[in-house]
Amino acid sequence: MESRRNFLRKAGLLAGSAIIGTKLSGLYGKSLPGIRSSKKLTLRFKPFEVRLKHVFTLAAGSRTTTPVVLTEIGYDGITGYGEASMPPYLGENHDTVINFLNKVDLSRFNDPFLFDDILTYTDSIAPGNYAAKASVDIALHDLAGKLLGQPWYRIWGFNSSETPYTSYTIGIDTPDVVREKTREASGYRMLKVKLGLDSDKEMIETIRSITNTPICVDVNQGWKDREKALEMIHWLDERGVVFIEQPMPKEAVEDMAWLTERSPLPTMADEALQGPADIGKVYGVYDGINIKLMKAGGMRAAHKMISTARSLGMKVMIGCMIESSCAVTAAAQLSPSVDWADLDGNLLINNDLFDGIRIRDGKVTIPERPGIGVIPLEDYYQL
Ligand code: MG
């Protein structure tokens with residue numbers, strides 16, 4: 001145990017400091033460490049459970065914890081960190097993710113920059129398992145970014161000063177709790193309100209009794225009647241709502257196309273799509289898409305989704321699950337290129353294991369560190 005801790009600590013320190021100075025120019029010389037060497041990639045992982053500060057209630061149910069799996073890909077003394085988060089509605093859990101990761105043999109690769117080979121191999125192991133795949137993809141990005149000495153927003157060419165404000169989620173609750181949560185969220189420039197139950201108007205009126213901060217609404221498929229949905233969207237439009245996420249069931253394609261055509265507010269697809277291959281299904285049905293690393297299968301797929309959606313003129317938001325700062329900071333690397341961000345999953349938990357993304361004046365702030373930009377906290381080494 002002690003030696004593992006020391007190894008992890010050493011890897012974390014290296015990742016956090018010494019590697020920062022590595023220059024991209026190393027790519028053109030022989031100085032970039034480790035490419036096509038005899039060194040091999042190693043994957044390690046550990047189940048964990050993130051604890052919510054408040055009971056989290058959506059149209060689909062309530063919960064107080066979310067299972068996650070933390071991954072590490074090691075190479076040449078450097079460690080890349082990743083995470084899988086498994087909210088119950090996506091069908092993955094500790095067992096499915098561990099079972100999947102047990103089948104991933106990264107020792108067959110000795111070049112961490114061969115993303116196509118490595119992630120195509122990972123993808124081919126089994127269909128689905130998007131969170132499990134994301135945990136490998138994120139750790140690989142972290143590792144490669146550290147080897148290059150650059151954060152991913154820079155590798156992709158995004159401007160980190162152009163990150164959006166993040167919304168802060170207010171779950172469905174009693175008016176007293178909603179008032180308390182709204183007051184807690186006073187530092188945020190956008191509130192995300194979960195609707196889809198009988199209390200919808202009361203939720204909005206309760207929040208509006210406290211603040212005029214712009215609101216985005218996530219119905220989580222909760223509205224079943226398109227005429228009522230349209231009426232409700234008009235009512236919300238008059239109350240400073242900016243967009244509507246997944247108002248109707250994902251299967252209600254015709255109703256959604258009808259609603260989007262008439263809606264005064266942009267409609268965003270969340271549950272209606274998973275990865276890059278699904279954008280065609282929601283184009284013309286919704287105005288935009290909510291991309292999440294755990295749905296897409298990681299940063300690479302999410303980046304592709306942004307390009308595809310933009311080329312179709314669609315709005316893009318990037319969201320997250322209830323998860324630690326590891327996966328949320330990975331998602332933040334993409335945030336300069338989206339219209340809206342919903343990157344508050346780490347803020348809703350009280351046992352985070354990483355230092356990473358910060359929210360300053362409501363705005364997503366990406367750490368100036370290579371890779372995905374996270375450093376494990378002391379508790380990480382106690383796991
Ligand atoms: Mg949503």
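D76 sits in the loop between β2 (61–75) and β3. Its phi is near 55°, a positive value in a residue other than glycine. Most residues other than glycine have a negative phi. The relative accessible area of D76 is 32%, so D76 is partly exposed. All of this refers to a predicted model.

Q246 also has a positive phi, near 35°, and is not a glycine. Q246 belongs to the loop between β7 (241–245) and α9 (253–262). Buried or exposed? Q246 is buried, with a relative accessible area of 0%.

**Magnesium site**

Which protein residues donate to the magnesium ion? The donors are D218 (OD), E245 (OE) and D270 (OD). They lie 2.1 to 2.2 Å from the ion. Along the chain, their spacing reads D-x26-E-x24-D. D218 lies in strand β6 (residues 215–218), and D270 lies in the loop between β8 (267–269) and α10 (279–282), so this pair ties together parts that are 52 residues apart in sequence. D218 and D270 are both buried.

**Aromatic contacts**

How many aromatic pairs does a search of the whole structure find? The search finds 10. A pair of aromatic rings is described by the distance of the centres and the angle of the planes. One of the pairs joins Y81 and F354. Their ring centres are 5.7 Å apart, with 65° between the planes. That geometry is edge-to-face, because planes over 60 degrees apart count as such. The pair links distant parts of the chain. Y81 is in strand β3 (residues 78–85), F354 is in strand β12 (residues 354–355), and 273 residues separate them. Both Y81 and F354 are buried.

Y380 and Y381 form another aromatic pair, edge-to-face, at 5.7 Å centre to centre and 85° between the planes. Y380 is buried at a relative accessible area of 6%. Y381 is buried at 5%. Y81, F354, Y380 and Y381 form one aromatic cluster.

The charged end of K133 sits over the ring of Y130, 5.7 Å from the ring centre.

**Helix packing**

Two packed helices are described by the angle between their axes and the distance between the axes. Helix α2 (residues 94–103) and helix α4 (residues 130–148) have axes that come within 9 Å and cross at roughly 50°. That makes α2 oblique to α4. What is the hand of the crossing of α2 and α4? The crossing is right-handed.

Helix α6 (residues 175–184) packs on helix α7 (residues 200–208) at an angle of about 45°. Their axes are 9 Å apart. α6 and α7 are therefore oblique to each other. The crossing of α6 and α7 is right-handed.

**Residues brought together across the sequence**

| Pair | Apart in sequence | C-alpha to C-alpha |
|---|---|---|
| H141 and P151 | 10 residues | 9.4 Å |
| A302 and P276 | 26 residues | 7.4 Å |
| T213 and T182 | 31 residues | 9.8 Å |

Where does H141 lie? H141 is in helix α4. At 2% relative accessibility, H141 counts as buried. Helix α4 is also the partner of α2 in the crossing at roughly 50°.

A302 belongs to helix α12 (residues 299–311). Why does A302 count as buried? Its relative accessibility is 0%, and buried means under 20% relative accessible area.

T213 lies in the loop between α7 and β6. T213 has a relative accessible area of 16%. T213 is therefore buried, because the cut-off is under 20%.

Key: Residues numbered from 1 in each chain as written. Predicted model: local features only at pLDDT ≥ 70, side-chain atom pairs only at ≥ 80, totals over all residues. Heavy atoms only, no water. Donors = N, O, S within 2.8 Å, 3.2 Å for Na, K, Ca; no water. Helix = DSSP H or I, 4+ residues; strand = E, 2+ residues; numbered from the N terminus. Buried < 20%, exposed > 50% of the residue type's maximum accessible area, 1.4 Å probe, protein only. Phe/Tyr/Trp six-rings, centres within 6.5 Å; stacked < 30°, edge-to-face > 60°. Lys NZ or Arg CZ within 6 Å of the ring centre and 35° of its normal. Axes fitted to C-alpha atoms, helices over the stretch in contact; angles between N-to-C directions. Parallel < 35°, antiparallel > 145°, perpendicular 65-115°, else oblique. Left-handed = near helix turned anticlockwise from the far one by under 90°.
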